[in-house]
Amino acid sequence: MKKQSSNSHQIVVPEVVIAGGGWAGIAAAIRLAEEQIPVVLLEAEKQLGGRARCARFGNLRVDNGQHLIFGHYRYLLELTEKIKLPAEHFAVQKNFLLAVRNSSRSGFQLRARRLFAPWHLVLGLLAAKGLSWRDKSRIVAFWNRIASAFDDDLDDMNLLQLLQQTRQPETLITRFWKPLCNHFLHAPVELASAKLFATLVKTLLHQRSNSQLLFPKADLATLIGEPAIDYIESRRGKISLNQTITRLNIKEGRVAGVTTETDNIPCKHLILALPYKTCASLFLEHQALAETSYRLDRLRSTPMTTVYLQYPGKARISGGLKGTATGVFSWFYDRRFCGQPNLIAAISHDRQHLPYMNNDEISRLCMQEAARLFRHWPKPTSLLAIHEPEANLCGTVEVEHNRPANRTAVPNCYLAGDYTDTGLPGTLESAVKSGMLCAEEVIREYSEHERH
Ligand SMILES: Cc1cc2nc3c(=O)[nH]c(=O)nc-3n(C[C@H](O)[C@H](O)[C@H](O)COP(=O)(O)OP(=O)(O)OC[C@H]3O[C@@H](n4cnc5c(N)ncnc54)[C@H](O)[C@@H]3O)c2cc1C
């Protein structure tokens, strides 16, 4: 996002300070701007977007990693409506295709059908290639089990326990459930939260549009970020970049403001939309926030590496994405839906090899794996590797138990971020939902204060 207004000296006792300009912070700012409540959004970097920000690849603008948006991202879609983003800005893949190849090269393919829920997926499963009838009946048994489960039943259960309880064969767990769990919850099945996984599967089964994939037709910063900045700034909001929060100023049990590297900025309400590790360290000196800090210390994230491969032609993936259980890179996305034909984004959650390799080695490895998977494609002409060490929140049972609420023990200080207790995996949707919920809390207090 190239636009900025960074003169912090213009700031005069803002009603609300939002610290952190990722999607949680942006969402909070938009909701507050909608109510004409003055906000100041402070971001440490020179652009907004956080973990979903713009990167340059030659003349192209891409995201720092491929971002998938599902039809069930209700809060994110509501946000795009607020800033009047036309629906045509997303390429909708109505019949979501899940194609995963395993080591025996057989893999499986599951395509959602044009039918009412849950038949869009049930029929899709029955017609799926690469799964036996026994596998299909066990998957349906799993769906039935989660449909009738109460959330509390699954509270402490890991996904492996739930899969075993529903008698999923070992081979099916390896071929089908493990790649899905890794992709959506960023955790191994033996640690992943059964409740979180069940919630996600139920959502996909609940309504056909929920399982649709929306490919943004441009990078997220261009598509949503820049209109968002215009929206905020035209409604009494200020955005201040290159502002790193170093301290919270708490007086008599309430936040009085924040300290940045250059300024003290007072505020009446503070929404912290920072990474959880940053919040944990800011909370250390404040006894009232010790319990939250303890919880934050228990959260975990996984790294993600994205390699963009630009081909001279002929690089197309049917349905837009393909998974593989054979290499270090697990998913390949076709960026033609984002208006960038012959550009492929390959992603990896690997922690064993990639952290010890430089970008050239990572790119080479990715190119070799892509060549094995897509044999008829030409050689890529250029590559870009981006490593995000703290990309995705792990959806483990322990993390789920420790995700903090939006409200903190300090009444005018709120937490927003994908890691907060939204009931969703740590995604853009979770980030946006948390930002909106924090904004609602502030709006409630603001209107009560205005009334008195
Ligand atoms: C490579 C990759 C691929 C992903 N793919 C998907 C996907 O397909 N679908 C999906 O839904 N989600 C995906 N995600 C997850 C999604 O990007 C995140 O859930 C979301 O962006 C989190 O937003 P946030 O606002 O909660 O946090 P962040 O984006 O981490 O925002 C925190 C902000 O605080 C700023 N900050 C940090 N310290 C300070 C400080 N001291 N002072 C001021 N500012 C500070 C940071 O610069 C940042 O802008 C992906 C993430 C990555 C990295």
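Which of the 35 residues around the ligand come nearest? Let us work through this and a few related exercises together.

This is a predicted model, in which local features need pLDDT of at least 70, side-chain atom pairs count only at pLDDT 80 or more, and totals for chains, interfaces and linings use all residues. Residues are numbered from 1 along each chain as its sequence is written, and side-chain values use heavy atoms, with hydrogens and water left out.

**Exercise 1. Describe the surroundings of the ligand.**

Step 1. Start with the opening question: Glu 43, His 67, Leu 68, Tyr 73 and Asp 418 come nearest.

Step 2. Sort the shell by residue type: 15 nonpolar, 15 polar and five charged. Here Ala, Val, Leu, Ile, Met, Phe, Trp, Tyr, Cys and Pro count as nonpolar, Asp, Glu, Lys and Arg as charged, and the others, Gly among them, as polar.

Step 3. Look for N and O atoms facing the ligand. A polar side-chain atom of His 67 lies 2.8 Å from a ligand oxygen. The backbone contributes too: an N or O atom of Ala 24 is 2.9 Å from an oxygen atom of the ligand, and one of Ala 44 is 3.2 Å from a nitrogen atom of the ligand.

Step 4. Check the cover. On its own the ligand has 1,000 Å² of accessible area, and the protein covers 92% of this (Shrake-Rupley method, 1.4 Å probe).

Step 5. Find the contributing elements. Two or more shell residues come from each of α1 (23-34), β19 (382-393) and α14 (428-451), and β19 gives the largest share, three residues. Helices (H or I, at least four residues) and strands (E, at least two) are DSSP runs, numbered from the N terminus.

**Exercise 2. Locate two backbone features.**

Step 1. Ala 117 and Pro 118 are joined by a cis peptide bond, with omega about 0°. Pro 118 sits in the loop between β8 (108-111) and α3 (119-126).

Step 2. His 186 has a positive phi of about 55° although it is not a glycine. His 186 belongs to the loop between α7 (170-185) and α8 (194-206).

How values were computed:
A residue is near a molecule or strand if one of its heavy atoms lies within 4 Å of it. A polar contact is a pair of N or O atoms within 3.5 Å; within protein, one must be able to donate a hydrogen and the other to accept it, and residues adjacent in sequence count only if both atoms are side-chain atoms.
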